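Colleague: Hi! Could you walk me through this one before I set anything up?

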Amino acid sequence: MNVALLGFGTVGYGVYEILRKTPDIKVSYVLDLKKHDDIEAISVTDIDPILNDKSVDTVIELIGGLQPAKKFVTAALEAGKNVVTANKFLICESFTELSKKAKEKNVYLRYTAAVGGGIPWLINLSRLSRLSPPDKISGIFNGTTNYILDSMESEKAEFDVALKAAQDLGFAEADPSADIDGLDTLRKIVISANIAFGGVFDSNDTDLFGIRRIKKADIEAAESLGLVCRLLGTAEKTESGASIFVEPAFLDKNSPFAAVKKNFNRISISTPLDENLGFYGAGAGRYPTAFTVVNDCLDIKSGSLEAYSSSFEEKCVDNSKISHKYYVRCPIADAWLSSVTEKSVGEGVITKEIPVSEMHKNAKRLLNESDELFFAEIKVGV
Ligand SMILES: NC(=O)c1ccc[n+]([C@@H]2O[C@H](COP(=O)([O-])OP(=O)(O)OC[C@H]3O[C@@H](n4cnc5c(N)ncnc54)[C@H](OP(=O)(O)O)[C@@H]3O)[C@@H](O)[C@H]2O)c1
């Protein structure tokens, strides 16, 4: 197998190091913004030599972001090369287009590291979904936000302090928006839902609320209820498609999600046979992610795995059928919030059971009036 590596950063360099010791896989090219003199591969800053070299059968995309990653991946598939990527943004946004292109060109498109990083989650999800779609997937998909929430709980840190610590340790990027606003989690749950429910969901139809506005007072409110806060991505099968949403959740202290500390991930799946399986591990990091990328290459080499998804039917997101109670902290008086309030807790209130779509619709409305709003689903007994 002759591979070309696009991107030579955290994961790209890790993959290069592992592949140097992997028999029968040669890194022929490394594409990066700058040239590298000290590597055993041809260093390029332009994709064309890779596309034109017929001996390169597999391209590994580890640049990240939508462009130029999409342009490069599309060109590689078009040139008849297999593609391995860890890019959840790219796969979530262009799921159908890239999967169809790979099918048309009879090449592999593997993206196991895009969801769960070092956890072989998508492989197991796809195996579990073969006989019948799961009922529900729920999980902590983002290590950065888990690190922040865990620090706020265990060290009584304010959000800004916990975020800065995550940045200093290299868990959070200089611009942490995709993590703290829940977008990273959303992309991962949408990709998981596509595979689990055999179709394609539009991430724009889902509901999303991150942890950007969480305060110490919210963690204290959770604690006063005997609960802990985690950011969860959820996809649940419904009659018309699936309910898909990302929101903070107050969970029982003995919930397996509450036991997830630091920057770790945990994803749970419930199947129609009433099985509940949990997948736990490093959701990111140079070597855990790089090992998953290299394993995708080995799977392609052995030709043992089918594509993750071959159904491109557009599926409907409906968050109006799933309801739960919410903790809401809202500094302004609001008639809707008063009408759904059951009791007060700390600086916030607990609502009666309300549909997910109703909570998110009203949160968007209230955010136009005050940027201080925070809410979390109350998820007990899970
Ligand atoms: N880091 C993780 O733990 C992790 C986990 C799971 C998935 N992923 C995914 O893996 C991918 C790579 O992440 P990473 O953390 O390795 O990112 P990274 O450290 O920022 O590396 C990206 C690399 O791509 C290079 N690059 C940027 N624009 C380029 C262009 N136009 N042409 C060629 N090279 C370009 C960068 O060069 P410069 O450094 O010069 O800008 C850098 O070497 C992303 O899709 C990410 O979501 C990462």
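**Strand pairing, ligand shell and domains**

Modeller: Happy to! This is a predicted model.

Colleague: Which residue of β10 is the bridge partner of I137?

Modeller: That would be A235.

Colleague: And how many bridges does β7 make with β12?

Modeller: Five, and β7 and β12 (residues 264–270) also pair in the antiparallel sense. There, I137 stands opposite I269.

Colleague: Why is β7 largely enclosed by the rest of the structure?

Modeller: Because four of the five residues of β7 (residues 136–140) are buried.

Colleague: Nice. Switching to the ligand: which residues come nearest?

Modeller: G7, G9, G64, A86 and A284, out of the 21 residues around the ligand. By class, that shell has ten nonpolar, nine polar and two charged residues.

Colleague: Which element gives the largest share of the shell?

Modeller: Helix α1 (residues 10–20), with three residues.

Colleague: OK, domains now. How is the protein divided?

Modeller: Into domain 1 (2–110) and domain 2, which covers 132–282 + 316–379. Their centres, taken over C-alpha atoms, are 33 Å apart.

Colleague: What does each domain bring to the contact?

Modeller: Six residues come from domain 1 and eight residues from domain 2. On the domain 1 side, α4 (88–93) and α5 (95–104) are the elements that give two or more residues, and α4 gives the most, with four residues.

Colleague: What classes do the residues on that side of domain 1 fall into?

Modeller: Four are nonpolar, one is polar and one is charged.

Note on methods. Residues numbered from 1 in each chain as written. Predicted model: local features only at pLDDT ≥ 70, side-chain atom pairs only at ≥ 80, totals over all residues. Near = placed C-beta within 6 Å. Nonpolar A, V, L, I, M, F, W, Y, C, P; charged D, E, K, R; others polar. Buried ≥ 20, exposed ≤ 12 C-beta atoms within 10 Å, placed from the backbone. Pairing = 2+ DSSP bridges. Domains from an automatic or database assignment. Contact = placed C-beta atoms within 7 Å.
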